[in-house]
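Trainee: May I go through this structure with you, please? I would like to begin with the ligand and then move to the strands.

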Amino acid sequence: MITLQKGTKDILQDEAYIWQELENKACEVFSKANYKEIRTPIFEATELFQRGVGDSTDIVNKEMYTFKQNDKSITLRPENTAGVVRAYIEHGMQRLSPPVKLFYHGPMFRYERPQAGRQRQFHQVGVELFGVSEPTADAEVIMLAIEYLNSIGLNDLTLEINSLGCPKCREEFRNKLKEAIRPNLENFCEDCKFRFEKNPLRILDCKNPECQKYLSEDNIKNIINNDFICDECKEHFEVLKSYLDTLGIKYNVNKLLVRGLDYYSRTVFEIKSNSLGSQNAVCGGGRYDKLIENLGGVYTPAVGFAMGMERLISLLPQKNSPKLDVYIISNNMTEAIKLAQELRKSNISTDFDLQNKKFSKQLEKAIKIGAKYAIILGEDEIKENKVTVKNLEAKTQETIDRSSILSSII
Ligand code: HAM
């Protein structure tokens, strides 16, 4: 038997409706804030992610599904910000009056070690806002993330924010951090040794306990806690915090929050759940003012987020899929199919037996699938132009004129 690939999952018929609900809610909540949906391809040129996500990241170094076709290197998208930025540049969206507000949902691919909350094919819902450098944009995007989470019933979450500063002030921080780490570099994990050269800030969120031990030493803690960011970046962060206060959005400033993608500057944020295990981030995002230029566009400030849909679903209470309204029971297939057509046209979900099985079998089926009503069209009923409506929930039944079916059920 050919089976599922490790780290992938079939979304079966009894679960798919929850996905539809989350996708519909995303459309509803984001449209209300004037965001428009964008659908970009699932594969892109590998170079887009190398230059976009960054070649010092785990995603680009270890986790990409890359293949060659006609000598072109192609990669299944590990995230969607780079693809949306490519589309933004390619379709000249910088000519539109800012802000350009986009949202998306769909599958992403990362070759990671699968565990609870971590898959190789997973799904994200996200937004990207282009053209505004002011912290109002950061606040709006965070507000929207929280609004979406609340709209699907998730409230018990923690928002963490940080500012990574701009490339200028970050340089000084990087250098100071490197100086402080260098004497103990031998004791850090192999990943951190690599990060030390490529992107030392990423060492701050290494989960390895040995690295954490060295990071908690006073000299390193002092550097982390000593606000390294320049006055403009500080002001930007302060104003963002004041907006969040105004909106009543609670947050923790986490100075170790650096995010796993290279494109961020200034604001970064994550929303975490207290009831998930180690993979507890349901949402990650931030500002990426340099990415559009780095990918060949004109300077355009931008900010956005993405949420892992599997993680959202794992936090929602189990629900049964919606019940069928009507199951028609009849041995007259012509009458049954005609009635099914009529009811479906009136938005009543309806099914019937396609194989003309025995009455008793059809009734068993109606009960088994949990239909709300069984409509019986026996020979007598057809002759008299009547139907018997059985309310399977209340366990009552009545025989009525065929013409009053709709009013009886609605
Ligand atoms: P990210 O933090 O890599 O950010 O991913 C965002 C969210 O996707 C995570 O918080 C998590 O919920 C989910 N996620 C990531 N990897 C997996 C996985 N292997 N299995 C299940 N869920 C996963 C980004 O992707 C950025 N593009 C977000 C962004 C948009 N920043 C600015 N705009």
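This is a predicted model: local features need pLDDT of at least 70, side-chain atom pairs count only at pLDDT 80 or more; totals for chains, interfaces and linings use all residues.

Trainee: How many residues surround the ligand, and which are the closest?

Mentor: The ligand is surrounded by 27 residues, and the closest are Glu79, Thr81, Glu112, Glu128 and Tyr264. A residue counts as near if one of its heavy atoms lies within 4 Å of the molecule or strand in question.

Trainee: How do these residues divide into nonpolar, polar and charged?

Mentor: The shell around the ligand holds 11 nonpolar, 9 polar and 7 charged residues. Here Ala, Val, Leu, Ile, Met, Phe, Trp, Tyr, Cys and Pro count as nonpolar, Asp, Glu, Lys and Arg as charged, and the others, Gly among them, as polar.

Trainee: Which strand gives the most to the shell?

Mentor: That is β10, with 6 residues. At least two residues of the shell come from each of β6 (121-130), β10 (281-287) and β11 (302-308). Helices (H or I, at least four residues) and strands (E, at least two) are DSSP runs, numbered from the N terminus.

Trainee: Which side chains have an N or O atom 2.8 Å from a nitrogen atom of the ligand?

Mentor: The side chain of Thr81 has an N or O atom 2.8 Å from a ligand nitrogen, and the side chain of Glu128 also has an N or O atom 2.8 Å from a ligand nitrogen.

Trainee: What percentage of the ligand's exposed area does the protein bury?

Mentor: Taken alone, the ligand exposes 660 Å², and the protein buries 95% of that. Such accessible areas come from the Shrake-Rupley method with a 1.4 Å probe; for residues, only the protein chains shown count as cover.

Trainee: Let us change topic. What is the strand order in the open sheet of 5 strands?

Mentor: The order is β13-β12-β14-β15-β16, and the pairing is mixed. At the edges are β13 (350-352) and β16 (396-401), each of which pairs on one side only. Two strands pair if DSSP finds at least two bridges between them. Neighbouring strands here are turned by 25 degrees against each other on average, direction ignored. Axes are lines fitted to C-alpha atoms, for helices over the stretch in contact, and angles run from 0 to 180 degrees between N-to-C directions.

Trainee: In which sense do β12 and β14 pair, parallel or antiparallel?

Mentor: Strand β12 (residues 326-330) and strand β14 (residues 373-377) pair in the parallel sense, over 5 bridges. Tyr327 has Ala374 of β14 as its bridge partner.

Trainee: Which strands does helix α13 touch?

Mentor: Helix α13 (residues 333-345) packs on the sheet and touches β12, β13 and β14, where contact means heavy atoms within 4.5 Å. The direction of α13 makes about 170 degrees with that of β13. Helix α14 (residues 359-368) lies across β12, β14 and β15 (386-391), at about 175 degrees to β12.

Trainee: And what is the order of the open sheet of 3 strands?

Mentor: The order is β2-β4-β3, with antiparallel pairing. Its edge strands are β2 and β3, and the twist averages 40 degrees from one strand to the next. Strands β3 and β4 form a hairpin with 2 residues between them, and Asn70 in the turn has a positive phi of about 50 degrees.

Trainee: Where is the cis peptide bond from Pro98 to Pro99 placed?

Mentor: The bond from Pro98 to Pro99 is cis, with omega near 0 degrees, and Pro99 sits in the loop between α4 (81-90) and β5 (100-109).

Definitions and conventions:
Residues are numbered from 1 along each chain as its sequence is written. Side-chain values use heavy atoms; hydrogens and water are left out. A polar contact is a pair of N or O atoms within 3.5 Å; within protein, one must be able to donate a hydrogen and the other to accept it, and residues adjacent in sequence count only if both atoms are side-chain atoms.
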